[in-house]
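This report describes one protein chain for a reader new to structures. Look at the sequence and the model first, then read the sections in order.

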Amino acid sequence: MAKTKELSKDTRKSIVDLHQTGKSESTIGKQLGVKKSTVGAIIRKWKTYKTTDNLPRSGAPRKISSRGVKMIMRTVSKDPRTTRGDLVNDLQRAGTKVTKVTISNTLQRQGIKSCSARRVPLLKPVHVQARLKFAREHMDDTAEDWENVMWSDETKVELFGINSTRRVWRTKNTELHPKNTIPTVKHGGGNIMLWGCFSAKGTGRLIRVKDRMNGAMYREILSQNLLPSVRTLKMKRGWVFQHDNDPKYTARATKEWLRKKHLKVLEWPSQSPDLNPIENLWRELKVRVARRQPQHITALEKICMEEWAKIPATVCANLVKTYSKRL
């Protein structure tokens, strides 16, 4: 049976007021469009408790004692990757039999919910310091400064969908706590490697990297794809190029090539893909590609190119617009 809608306070007050004028329950019900039995219940509550407000309801007793709740909280605080099944077994060994739903409800009452663990770079102390230094040095840069940056990177696109996620128990605004993340390293068939670039004005060129990339190949990619992208997107004079610290990017020959082309390069902290907004575009691309379900590598490459070109310039602009928040 469906639940009936609770009467408003004004309606309940009107029932009492009409009752005090001497009107019958049937008359009140017809006047207010309320069932006679409901009118009678409201009047009886008013006579007994002198109020029509909802009274405290005892409800069923909690299945998990306060001691059990503390045990659960200690467990998920120590290891956020603990599963509901693990917690059910822990409580059962302590003499309390509950379901996984009860575990979820209990944790949610404590302000904790199940979330997908963020994948973040595996950081050493030297990486942490470099990242903080970069963020602090650029916190005061304007939105216009970031609009003049051409962002770039490589990514691997799987033939059959996006990598799976892992769930953790955490409180609000703790998604980047080390215990709530999954450390990753670069570049771990059915996949292709891509290189692409973008700016606040839209996506630049995207190409497939068919062979193992070396310094010479990378410089050729920049020559044939980065510079044309800069012209197509009409980057302002003095634009800045961003790439990470991959050895082929920082090789002496590559640095010399960039110098001869008079390109200004953004100094970049190692192990910081999350500081590069192109990671969000890669995610967008992979979601779009997965929806089209390519069945072979040739189709995967074709669909990647098509979907990359379809990403709206507004998406790129918004990623760059919020860069100070990312820092």
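## Basis of the model

This is a predicted model, in which local features need pLDDT of at least 70 and side-chain atom pairs count only at pLDDT 80 or more, while totals for chains, interfaces and linings use all residues. Residues are numbered from 1 along each chain as its sequence is written, and side-chain values use heavy atoms, with hydrogens and water left out.

Helices (H or I, at least four residues) and strands (E, at least two) are DSSP runs, numbered from the N terminus. Buried means under 20% relative accessible area, exposed means over 50%, and partly exposed lies in between (1.4 Å probe, protein chains only).

## Nonpolar cores

In soluble globular proteins, nonpolar side chains tend to be buried together. A nonpolar core is a set of buried Ala, Val, Leu, Ile, Met, Phe, Trp, Tyr and Cys residues joined through side-chain atoms within 4.5 Å. The largest one here has 31 residues, of which Phe134, Trp146, Trp151, Leu281 and Tyr323 touch the most other members. Two or more residues of this core come from each of α7 (125–138), β3 (149–158), β6 (191–199), α12 (278–292), α13 and α14 (313–321). The most come from α12, which gives 5 residues.

Contact means heavy atoms within 4.5 Å. Leaving aside neighbours within four places in sequence, tyrosine 323 is in contact with Phe134, Trp146, Trp151, Trp268, Leu275 and Pro277. Another core, of 21 residues, lies apart from the largest one; among its members are Val209, Ile221, Leu258 and Leu263.

## Helix α5

Helix α5 spans residues 84–93, and its buried residues are Gly85, Leu87, Val88 and Leu91. They lie on the same side of α5, because they cover an arc of only 160° around the axis. The arc is that of the directions from the helix axis to the C-beta atoms. These buried residues of α5 pack against α4 (66–78) and α6 (100–109).

## Salt bridges

A salt bridge is a side-chain nitrogen of Lys or Arg within 4 Å of a carboxyl oxygen of Asp or Glu. The structure holds 16 of them. One joins arginine 131 to aspartate 274, with the closest N and O atoms 2.8 Å apart. Arginine 131 is buried, at 17% relative accessibility, while aspartate 274 is partly exposed, at 30%.

Helix α11 (residues 252–260) contains both glutamate 256 and arginine 259, 3 residues apart, about one turn of the helix. Their salt bridge has its closest N and O atoms 2.5 Å apart. Arginine 259 is exposed, at 52% relative accessibility. In helix α13 (residues 297–310), lysine 302 and glutamate 306 are 4 residues apart, about one turn, and form a salt bridge of 2.6 Å, N to O. Shared partners link salt bridges among Glu284, Arg288, Arg292, Lys302, Glu306, Glu307 and Lys310 into one network.

## Positive phi angles

Most residues other than glycine have a negative phi. Asparagine 173 has a positive phi near 65° and is found in the loop between β4 (167–170) and β5 (181–184). Asparagine 173 is exposed, at 65% relative accessible area.

Lysine 234 also has a positive phi, of about 55°, and is found in the loop between α9 (215–232) and β8 (240–242). At 64% relative accessibility, lysine 234 is exposed.
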